[in-house]
Amino acid sequence: MDLTAFVRRIPKLELHLHLHGTVRPTTLVELARKHKVPLPAFDSPEELYRFDGLSQFLHVVSLVCEVVRDAGDFRRLADELHAGVEVTLEIKRKNDLLTIR
């Protein structure tokens with residue numbers, strides 16, 4: 001087996017991720033509706049995650065931070081992240097990005 005084939009076959013893992021960065025497009029839309037947060041026009045939820053540069057990416061990050069508001073929202077993200085995957089978490093928070101209402 002060559003190296004490329006080997007690397008493709010071995011199990012992969014995330015060493016570091018941000019919970020807000022795991023939000024699925026459909027979850028973003030559903031949480032925005034729940035909290036009455038307006039979103040840009042889109043044909044499909046996945047379209048919200050297409051961006052051409054840093055400013056558009058940061059806008060998406062801002063939207064995600066705006067719609068994740070309460071303990072139930074965080075529970076949903078954790079459940080979706082965990083679905084079908086073994087996860088070990090070390091949770092840290094950054095107060096200027098996170099507000100539980």
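In what order do the elements of the protein run from the N terminus on? They run α-α-α-α. This is a predicted model. Its secondary structure comes to 4 helices and 0 strands. Of the 101 residues in the protein, 23% are buried.

**How the helices cross**

- Helix H2 covers residues 25-34, and helix H4 covers residues 71-82.
- The axes of these two helices come within 12 Å. They cross at roughly 165°, which means that H2 is roughly antiparallel to H4. The cut-off behind that label is an angle over 145 degrees.
- The H2 and H4 crossing is right-handed.
- H2 also meets H3, with axes that come within 9 Å. Here the crossing angle is roughly 50°, so H2 is oblique to H3.
- The crossing of H2 past H3 is left-handed.

- Side chains of opposite charge can pair when their charged atoms come close.
- The count for this model is 6 salt bridges.
- One of them joins Asp70 and Lys34, with the closest N and O atoms 3.3 Å apart. Asp70 sits in the loop between helix H3 (54-67) and H4, while Lys34 belongs to helix H2, so this pair ties together parts that are 36 residues apart in sequence.
- Lys34 also meets Asp73 in a salt bridge, at 2.6 Å from N to O. Since Lys34 is in helix H2 and Asp73 is in helix H4, the pair links parts that are 39 residues apart in sequence.
- Asp70 has a relative accessible area of 19%, so it is buried. Asp73 is buried too, with a relative accessible area of 1%. The cut-off for buried is under 20%.

- What holds for Asp79 and Arg75? They form a salt bridge, and their closest N and O atoms are 3.0 Å apart.
- Both residues lie in helix H4, 4 residues apart, so about one helical turn separates them.
- Asp79 counts as partly exposed, because its relative accessibility is 40%. Arg75 reaches 55%, so it counts as exposed.

- Which residues do salt bridges with shared partners join into one network? They are Glu30, Arg76 and Glu80.
- Glu30 is placed in helix H2. Its relative accessibility is 39%, so Glu30 counts as partly exposed.

**A loop residue with positive phi**

- Lys36 has a positive phi of about 55°. It is not a glycine.
- Where is Lys36 placed? Lys36 is in the loop between H2 and H3.
- Lys36 counts as exposed, because its relative accessibility is 74%. The cut-off for exposed is over 50%.

**A nonpolar surface patch**

- Which residues make the nonpolar surface patch? Met1, Leu3, Phe6, Val7 and Ile10 make it.
- The area of this patch is about 520 Å².
- Leu3, one of these residues, lies in helix H1. That helix covers residues 3-9.
- Leu3 has a relative accessibility of 64%, so it counts as exposed.

Definitions and conventions:
Residues numbered from 1 in each chain as written. Predicted model: local features only at pLDDT ≥ 70, side-chain atom pairs only at ≥ 80, totals over all residues. Heavy atoms only, no water. Patch = residues over 30% accessible without salt bridge, like charges linked within 9 Å, V, L, I, M, F, W, Y side chains within 5 Å. Areas by Shrake-Rupley, 256 points an atom, 1.4 Å probe, with all protein chains shown as cover. Salt bridge = Lys/Arg side-chain N within 4 Å of Asp/Glu carboxyl O. Buried < 20%, exposed > 50% of the residue type's maximum accessible area, 1.4 Å probe, protein only. Axes fitted to C-alpha atoms, helices over the stretch in contact; angles between N-to-C directions. Parallel < 35°, antiparallel > 145°, perpendicular 65-115°, else oblique. Left-handed = near helix turned anticlockwise from the far one by under 90°.
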